[in-house]
Amino acid sequence: MLYELRIYYIHPGRMQAINDRFANHTLNIFSRLGMKVTDFWEDTDAESNKLVYVMEFANREERDTKFEIFRNDPEWQKARNESELDGAIVERVESVFLKQAAYFNR
């Protein structure tokens, strides 16, 4: 199993916009495309403007394929464009790819 830790650095004043976009559009699109989000967090330091979540994939190939489909999805493109009418939301995204340590059992 491959886990992707995604860290979004949000432009100042745009945290509500990213939360609205995930709540009203992105998570539904992920689900429709079979993209599994395992957890979601906001940084407790409101000044940091970071949103963090983890996704689960069988492997890197599945991840790359599903994100390519997501990026080209008309519903996603419409939601992104409409949510950014007042300006860009995300400054940058950092991805960290992880695998579970062999000695750790859930």
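What share of the 106 residues of the protein counts as buried? The share is 35%, where buried means under 20% relative accessible area with a 1.4 Å probe and protein chains only. Keep in mind that this is a predicted model, in which local features need pLDDT of at least 70, side-chain atom pairs count only at pLDDT 80 or more, and totals for chains, interfaces and linings use all residues. Residues are numbered from 1 along each chain as its sequence is written, and side-chain values use heavy atoms, with hydrogens and water left out.

Let us start with the layout.

Now to the pocket. About 230 Å³ of space lies in the largest pocket, its volume being the space filled by probe spheres set on grid points that are joined across faces, edges and corners. On a 1 Å grid over the protein atoms alone, a pocket is an open set of points where a 1.4 Å probe fits, with protein on both sides within 12 Å along at least five of seven lines; lining residues have an atom within 4 Å of a point. Of the 15 lining residues, Arg6, Tyr8, Phe70, Trp76 and Val93 are the closest to the centre of this pocket. Helix 1 gives the most to the lining, with four residues.

How values were computed:
Helix = DSSP H or I, 4+ residues; strand = E, 2+ residues; numbered from the N terminus. Buried < 20%, exposed > 50% of the residue type's maximum accessible area, 1.4 Å probe, protein only.
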